[in-house]
Each structure stands twice: as structure tokens, then as C-alpha cells.
Amino acid sequence: VPRLTREQRRQAIEGPLGHVRISSALVERMLNEAGDEPDQLPVLQHALMRTWSEWRRSSSDSERPIEGKDYDAAGGFAGALNQHADELLKTPAVLAKPNFVEIIFKRLTALGRGNRERRDPAPLSELWELCGAATEEERQRVNDIIDVFRQGEATFLTPRDGALEAGRYIDIAHESLIRNWRILREKWLLEEEQQAETLIELADRARGWRAGKRGPLVGLDLKAACDWDAACNHSSVWAEHYVEPGAFQEVGAFLSASQQAFEQAEREERERRESELATRLLADAERQRAEAQAKTARRLRYGSIVLAVALAVALLAGSLATVQEKRAEAYARQLAKATGLNEQRLSVYKSNVLLKQEALSGDNDAVEKALKSSSSKVQFLASATPRGYNSASGPVYGFQLYPNADTVQGGLKALALVTYKMNNPTFKNTILAAGPDREFKASYEGWGCLGDVIAVVEYSDPDKEAEVTDFDMCHLLGWQ
């Protein structure tokens with residue numbers, strides 16, 4: 001077929017219009033943009049069809065000539081085909097399975113010599129398999145998409161008519177579609193080329209791995225291969241367009257083995273780090289244990305002194321009540337003689353001594369008697385400060401016990417001494433005392449709080465009798 005001259009192409013544009021007029025300037029523009037290349041004629045044909053449709057849709061006056069605005073609305077020579085194809089991507093059939101369109105057009109396009117795209121027809125059954133359409137419903141979705149691109153004004157696929165059957169070949173109408181549909185040329189085909197190149201490279205590495213000449217994938221190579229595996233078409237039909245049969249399955253085994261080797265290496269590295277961490281922690285624990293033992297030794301030396309005092313008090317408390325009273329009275333009278341206490345103050349002082357002995361004796365009955373005989377309204381608070389190391393029983397804290405100033409009539413300045421009895425077997429009935437120089441705060445180190453603490457409150461006013469109360473330190477700390 002001889003090449004059309006410019007005049008013959010003009011007649012091909014104007015002749016079919018019949019009585020409809022067309023702007024002569026538009027005809028010249030079309031001829032100039034189409035040029036003399038024969039393979040531009042399908043693009044020109046599509047642009048003319050779309051321009052005609054735009055003119056019919058936008059004009060109720062059939063006397064108005066076809067103008068440049070109709071041609072531009074259709075996308076012009078360079079964009080009419082791309083614009084039309086993009087519009088078809090928004091049809092309901094395509095939107096139901098958008099990935100099917102990409103799969104179909106990737107398969108129907110192949111790279112030819114000189115990296116020039118060419119058509120590559122495929123039977124409908126192969127397109128079904130590539131799309132993973134195993135059911136009749138899914139196959140019909142593939143057919144519906146093909147119909148969108150082959151019927152009406154859409155002249156992208158062939159055959160243009162007839163029923164779609166499994167053995168019927170589907171083809172791109174002309175290579176001009178491949179060159180002018182931007183998403184196909186600039187995105188889908190580039191992705192297909194990259195995926196095919198990766199498949200070929202992985203197949204070669206898998207052969208070397210199978211032969212014992214190459215190791216598994218690691219690091220960024222493994223990540224890139226896993227990303228490729230997640231994105232590629234897993235149909236063996238797709239793979240066999242680029243590699244020999246069976247190579248795709250070998251690539252899958254290679255990736256699986258590489259992933260397993262990577263996970264094993266990660267486990268070993270994690271175990272090594274955990275072992276190093278455990279060693280460091282053990283060394284830290286030994287150091288902390290040594291420090292704790294040294295502190296415990298110091299506390300024991302101090303505690304032995306306190307214990308001696310407590311033992312003396314306990315021995316006194318263990319005596320008969322009459323003996324306690326006589327000793328208290330004798331001690332009080334000696335004090336009265338030395339200080340000039342009157343009889344009233346002597347009685348108060350003797351009562352305070354007896355009360356303190358009962359409260360701190362360790363004899364449960366005596367303690368209960370002391371608590372019942374006192375009507376103290378003084379309440380207490382507690383604090384716990386982490387020391388940053390652990391004992392065998394848990395984290396070590398610095399604990400403090402102190403009266404709540406808001407509950408002391410006259411405030412803390414009214415107090416003379418507060419004595420605390422650590423009523424817990426762990427502390428062996430340890431007794432702590434605190435005066436105004438420490439704001440009546442008694443301190444100790446340990447890993448646990450005390451559920452039962454007895455406190456004796458003595459006032460600086462010699463006429464005011466001492467008071468006894470008990471409190472739950474753990475409750476104050478909010479630890480129970």
C-alpha cells in the first residue's frame with residue numbers, strides 16, 4: 001500500500017464528514033502534528049474519532065464547524081489516546097479489579113529488538129491464569145475488562161467483536177497504544193522489565209546455590225529479593241516467558257532457604273547479645289551484692305547496739321508489772337530529786353515510762369494494753385526512695401517514718417521524742433527513735449515495708465502524757 005500524500009490525508013480527514021464543516025486551520029494543525037510517518041495514522045484516526053465525539057457532545061448546533069477547542073478537549077494528537085485509555089481505567093468493570101488491567105497489558109506487550117515495544121498476543125485462557133481467575137466469576141471479570149478496551153469507541157484490543165472464549169487470542173490493536181499510553185509505557189512496562197530482570201538474576205543465583213557454588217542471600221540483597229517476591233506475579237506461566245520451566249520453583253526454594261539462614265543467623269546473634277548482657281548483669285549483680293553485704297555488715301553493727309537497747313527494754317518489760325512500776329517510780333523520784341519535779345509531774349513522768357515499756361516490750365498483751373490506754377490522734381506518713389541496687393529479696397529502698405504534722409496538736413515543735421517499734425520478725429523487734437533534730441524521722445534500708453508499726457509519742461510539755469498509736473506503713477506507701 002503506497003504512503004498517503006498530504007493531500008490524500010487531508011481528504012481522509014474531511015471526506016467522511018459529509019455536510020459537517022471543519023476549521024481549515026484545525027485540518028492544517030492535524031496534518032502537521034501527524035507528520036508523514038505511516039505508523040502515526042492510527043493515532044490520528046483515534047484523535048479524529050475522539051474530536052468528533054467531543055463536537056457532538058458539546059454542540060447542539062450542527063451548523064457549528066468542528067474547531068480547535070473540540071480537538072483540544074479530546075486531548076489533541078499527542079494526548080487523545082492516553083486521555084481515552086485513562087478514562088477507561090475509571091469504568092466500574094476496571095475499578096472492580098484494577099490489577100487485572102495491569103496484568104493483561106503487561107502480558108500483551110513485549111520488548112523487541114532495539115528495546116522497541118511490540119505486541120505479543122495471548123490466548124484468553126493464559127490471561128485468566130495470569131490474573132489468578134480460577135472461578136467463572138473471576139474469569140468473567142477478566143472478560144468484562146477486555147470488553148471495556150475493545151468495544152464502542154475503545155479500539156485498544158482485538159478482536160473487536162465476537163464472544164470471548166478460552167482459546168481466542170487477545171491482542172493490542174496497534175503499537176501506537178504502547179507508545180502513547182503513558183501509564184503503560186512509563187510505569188507498568190518498566191516494572192515488568194525490572195521484575196523480569198530480577199527473576200533472571202535470581203534464577204542464576206539459585207542455580208549456583210543448588211550447585212554449592214554460591215551462598216544464600218543476605219542483607220539488602222535478601223530484602224530486595226523478598227520485596228520482589230511480594231510484588232511479582234507468582235504464576236509459573238508468567239515466569240516461563242523469561243526463564244526455563246522449573247526455574248521459578250527453584251527461585252522460591254532459594255529464597256526460602258535464604259530467609260531461614262537469615263533467621264538462624266539473627267537468632268544466633270540475638271542469643272550472643274543476650275549472653276553478653278547476662279554476663280554483664282551477673283557481674284553487676286555480684287558487685288551490687290558485695291556492696292549490699294558491706295552495707296549489711298555496717299547495719300548489723302549498728303543494729304547490734306539498737307538490739308542491745310531493745311533487749312534491755314524487753315527484759316524490763318518481761319518483769320512483773322509491779323517490779324516495772326517500782327523501778328519506774330524509783331527512777332522518776334531520782335529524777336524529781338535532781339530536777340525538782342513536783343508530784344503531778346512525777347506522776348505523769350512515771351506513767352510515761354510505764355506506757356513506753358509496755359508499748360515497746362514485745363509482749364503482745366502489754367502492747368495491746370498500751371494501745372487501749374492511749375487516745376492518740378497523731379497520724380503518720382512514710383516514704384520509700386530506691387537505692388539503685390537489689391538484695392536477694394528484691395530492690396533495696398531507703399524508708400522513712402515520720403509524724404503527720406497536721407495531726408499533731410501544736411505542730412512538730414510540741415514533740416520531744418518519737419519512738420518506733422518495727423513490729424516484724426524480719427527486724428527482730430528493732431526500735432528506732434527520732435527527735436527534733438531529724439524532724440522525728442526514723443530511717444532504715446530494706447526491701448520491704450512494714451504492715452504494723454507501734455509509735456510512742458512524747459511531748460516537750462512535762463505535764464502532757466505520752467501517747468501510743470500503731471499504723472500500717474505499707475498502706476501509707478500505697479503498696480497494698
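The model is predicted, so to speak of local features a pLDDT of at least 70 is needed and side-chain atom pairs count only at pLDDT 80 or more, while totals for chains, interfaces and linings use all residues. Residues are numbered from 1 along each chain as its sequence is written, and side-chain values use heavy atoms, with hydrogens and water left out.

**Overall fold**

Let us start with the whole chain. Its secondary structure comes to 18 helices and 12 strands; here helices (H or I, at least four residues) and strands (E, at least two) are DSSP runs numbered from the N terminus. Of the 480 residues in the chain, 39% are buried, where buried means under 20% relative accessible area, exposed means over 50%, and partly exposed lies in between (1.4 Å probe, protein chains only). Among contacts with a separation of 6 or more, 60% are between residues 24 or more positions apart; a contact means heavy atoms within 4.5 Å.

**Nonpolar cores**

The largest nonpolar core holds 53 residues, and Val 101, Phe 105, Val 142, Ile 146, Phe 149, Trp 181 and Trp 228 touch the most other members. Helix α11 gives the most to this core, with seven residues. A second, separate core has 26 residues, including Val 418, Val 453, Phe 471 and Leu 477. For both, a nonpolar core is a set of buried Ala, Val, Leu, Ile, Met, Phe, Trp, Tyr and Cys residues joined through side-chain atoms within 4.5 Å. In soluble globular proteins, nonpolar side chains tend to be buried together.

Not counting residues up to four places away in sequence, Trp 181 touches Leu 81, Asn 82, Ala 85, Asp 86, Leu 89, Val 101, Phe 105, Phe 149 and Trp 188.

At least two lining residues come from each of α7 (98-107), β1 (109-111) and α11 (182-210), and α11 gives the most, with nine. By class, the lining has 11 nonpolar, six polar and 10 charged residues; Ala, Val, Leu, Ile, Met, Phe, Trp, Tyr, Cys and Pro count as nonpolar, Asp, Glu, Lys and Arg as charged, and the others, Gly among them, as polar.

Gln 195 also lies in α11 and is buried, at 14% relative accessible area. Leaving aside neighbours within four places in sequence, Gln 195 is in contact with Lys 106, Trp 228, Ala 231, Cys 232 and Trp 238. Gln 195 and Trp 228 are 33 residues apart in sequence and 6.9 Å apart in space, C-alpha to C-alpha.

**Salt bridges**

The whole structure has 35 salt bridges, each being a side-chain nitrogen of Lys or Arg within 4 Å of a carboxyl oxygen of Asp or Glu. Three of them are tabulated here.

| Pair | Closest N to O distance |
|---|---|
| Glu 33 and Arg 29 | 3.2 Å |
| Glu 186 and Arg 185 | 2.6 Å |

Glu 186 is partly exposed at 44%, as is Arg 185 at 28%. Elsewhere, salt bridges that share partners join Arg 6, Glu 7, Arg 10 and Glu 28 into one network.

Arg 10 and Glu 7 both lie in helix α1 (residues 6-14), three residues apart, about one turn of the helix. Arg 10 is buried at 19% relative accessibility, whereas Glu 7 is partly exposed at 45%. Beyond its neighbours within four places in sequence, Arg 10 is in contact with Val 27, Glu 28 and Leu 31.

Glu 33 and Arg 29 are four residues apart in helix α2 (residues 24-34), so about one helical turn separates them. Glu 33 is partly exposed at 34%, and Arg 29 is partly exposed at 32%.
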